Amino acid sequence: MKKIVKVVIERGQDGLFSAYCPNYEYNGKYSFGGFGDTALEAKEDFLESVSETKEICEELGESTKEFEYLSFEWEYDLPSMFGCFPYLNISRFADMCGINSSKMRQYASGIATPSAKTASRINAALQQIALDLSGIRLL
């Protein structure tokens, strides 16, 4: 049975990025985490921590069965999202959301934080992009 684990990737006040599971520990005692100068580095470091935890469990003779069923659901703040998906054009994405492109750049850089209502519009636009892309097939 698939085990979906939420992973948060966000930029800290120091400008560095972190990736962590806020509500999950493997076998009730191992936490996964990653850090980096960029959101992509933090994500890669997080995935490395998962591999290292599996190796540790194997060395200690502990169960690694649940690793087969782990699936990660990634949740990003805006600076991390644009860092992990640089092909998203901020200005065009802002237009899609109905948000001023200057304001979106402020959100993307972490200078400003979107309100709950604005975050909802951003999430709706992301879901629309996912839906649009899921229907594409190349000839």
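Lys-6 is partly exposed, with a relative accessibility of 32%; here buried stands for under 20% relative accessible area, exposed for over 50%, and partly exposed for values in between (1.4 Å probe, protein chains only). The model is predicted, so that local features need pLDDT of at least 70 and side-chain atom pairs count only at pLDDT 80 or more, while totals for chains, interfaces and linings use all residues. Residues are numbered from 1 along each chain as its sequence is written, and side-chain values use heavy atoms, with hydrogens and water left out.

The side chain of Lys-6 forms a salt bridge with that of Glu-75, at 3.8 Å from N to O. A salt bridge is defined as a side-chain nitrogen of Lys or Arg within 4 Å of a carboxyl oxygen of Asp or Glu. Glu-75 is also partly exposed, its relative accessible area being 38%. Because Lys-6 belongs to strand β1 (residues 3-11) and Glu-75 to strand β4 (residues 70-76), the pair ties together parts that are 69 residues apart in sequence. Helices (H or I, at least four residues) and strands (E, at least two) are DSSP runs, numbered from the N terminus.

The count of salt bridges comes to 2. Glu-62 pairs in this way with Lys-29, and their closest N and O atoms are 2.9 Å apart. This pair links distant parts of the chain, 33 residues apart: Glu-62 is in the loop between α1 and β4, and Lys-29 is in the loop between β2 (17-20) and β3 (33-36). Glu-62 is partly exposed, at 22% relative accessibility.

Lys-43, in helix α1 (residues 39-59), is buried but has no salt bridge. The nearest side chain of opposite charge is that of Glu-44, 8.9 Å away; Lys and Arg count as positive and Asp and Glu as negative, whereas His and the chain ends are not counted. Leaving aside residues up to four places away in sequence, Lys-43 touches Ile-9, Ala-19, Trp-74 and Tyr-76, contact meaning heavy atoms within 4.5 Å.

Strands β2 and β3 pair in the antiparallel sense over 4 bridges, where pairing requires that DSSP finds at least two bridges between two strands. Ser-18 has Phe-35 in β3 as its bridge partner. In a regular strand the side chains alternate between the two faces of the sheet.

In helix α3 (residues 90-97), the buried residues are Phe-93, Ala-94 and Cys-97. They fall within an arc of 105 degrees seen down the axis of α3, so they line one face of the helix; the arc is that of the directions from the helix axis to the C-beta atoms. These buried residues pack against α2 (78-84), α4 (101-109) and α5 (116-134). Exposed residues Arg-92 and Asp-95 are carried on the face of α3 turned away from its buried side. Just after α3, Gly-98 adopts a positive phi of about 75 degrees.

The protein chain has 5 helices and 4 strands, which run β-β-β-α-β-α-α-α-α from the N terminus on. Its C-alpha atoms fill a box of roughly 55 × 45 × 30 Å along the principal axes. Of the 139 residues, 31% count as buried.
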